[in-house]
Structures are given as C-alpha cells and as structure tokens.
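Me: I am new to this structure and would like to go through it slowly, one topic at a time.

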Amino acid sequence: SATTIAVRPGAPQWTFLKVTSVGAVGMHFTDSVPARITIDDTLASRVGVPVSGRVTGVMVELGDTVRAGQPLFSVSSPEVAQLRTEREQATVELDAAKVNLQRVEATVASRALPVKELQAAQQRSRNAQLAVELADRKLAAFKVAPGADHEFVIQSPRSGVAVAKIG
C-alpha cells in the first residue's frame, strides 16, 4: 500500500528506527548532533551596498526565508541626493539643448548658419538626452522611490534563507 512502510524483522534499518507510543512533544524538537554547517558559495549571494550610507531599517532577520526581490533592508545615503541633483542638472541641460536646437534649425532653414551648426546642436541635444537617461538608470538601479529623500531599499537577489548579518 502507498501509505504503509514495511521493514522485515532483523533488517539493518531497525538499528536506526525506534518504535514508541505517540505522545505530546516537549519543548525540545531536535536532538543535539555535533556537526559543522557550511554554506555552498555557489548557492549563496552576498548582499552589499554600492554607496556609503546608514542602514535605516531591517526587514528580515536571521533564519527568515526570503524570496527573490523581497526587501531586505533600507539605507539612507547622501550619494542618492547627489544622483538626484545630477538628474536635475541633466534635465535643465536637455531643456536648454532643445531650445537651442529649435533656434539653430530655424536659422539654418533661413540659410543664415551652415548645416554643420545644426549637426552640432543635434549632437548636444542627443548627449543631454543620454545624460538624463543615465541619471534615471542610476536612480532606478538603487530602487529609489520617487518620493523618498535619500533612502533606497536593498532587495534579495534570489530566494533562500538569511544566514548572516555582517557589519
């Protein structure tokens, strides 16, 4: 039957089996066994912060099961403010480059400027657009919420168990 396990009398498995009456379990759920636990580095992920800062919140504790993408801890960093400033500067430069491009397009259309001036203005506009996109990607990489001041959240890169807190 699929719900029965049979062990023949005298089988070597009886050295590991103990038959006893079922009763309430006390507070001791496991037996002490001398052993050494090692973590397989190919299955482990060290989580760190790429900027200086201060941990402002811890969302998991040692031994907690975590899933990929789950928030682990939050960090406040003045470098996030710097990233926001860089994005604002890039946005201002993009706006100025767009206005300049429109002016140069009109001037080249009236043949008052050579075409190379239009190409240079287009290049400056494209560079300014790329600077805004880069700043957005940097902020997105930190998972910085739009309303958060200098704080970002570190997420679990994979599912598993939290086994260590360092630092």
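Me: How do the residues lining the largest pocket divide into nonpolar, polar and charged?
Reply: The model is predicted, so local features need pLDDT of at least 70 and side-chain atom pairs count only at pLDDT 80 or more, while totals for chains, interfaces and linings use all residues. Residues are numbered from 1 along each chain as its sequence is written, and side-chain values use heavy atoms, with hydrogens and water left out. Ala, Val, Leu, Ile, Met, Phe, Trp, Tyr, Cys and Pro count as nonpolar, Asp, Glu, Lys and Arg as charged, and the others, Gly among them, as polar. On that basis the lining of the largest pocket divides into 18 nonpolar, six polar and five charged residues.

Me: Which residues lie nearest the centre of the largest pocket?
Reply: A pocket is an open set of points on a 1 Å grid over the protein atoms alone, with protein on both sides within 12 Å along at least five of seven lines, and lining residues have an atom within 4 Å of a point. Strand 1 (54-58), strand 3 (71-76) and strand 5 (160-161) each supply at least two residues of this lining, strands being DSSP runs of E with at least two residues, numbered from the N terminus. The lining has 29 residues, and those nearest the centre are S45, R46, V47, V163 and A164.

Me: Which residue in strand 4 is the bridge partner of V75?
Reply: Strand 3 and strand 4 run antiparallel, and one of the bridges between them has S74 facing V153 as its partner in strand 4. For V75, the bridge partner in strand 4 is F152.

Me: At roughly what angle do the axes of helix 1 and helix 2 cross?
Reply: Axes are lines fitted to C-alpha atoms, for helices over the stretch in contact, and angles run from 0 to 180 degrees between N-to-C directions. The axes of helix 1 (residues 78-109) and helix 2 (residues 115-141) come within 8 Å and cross at roughly 160°.

Definitions and conventions
Helix = DSSP H or I, 4+ residues; strand = E, 2+ residues; numbered from the N terminus. 1 Å grid on protein atoms, 1.4 Å probe; cavity = no way out; pocket = protein on both sides within 12 Å on 5 of 7 lines; lining within 4 Å. Pairing = 2+ DSSP bridges.
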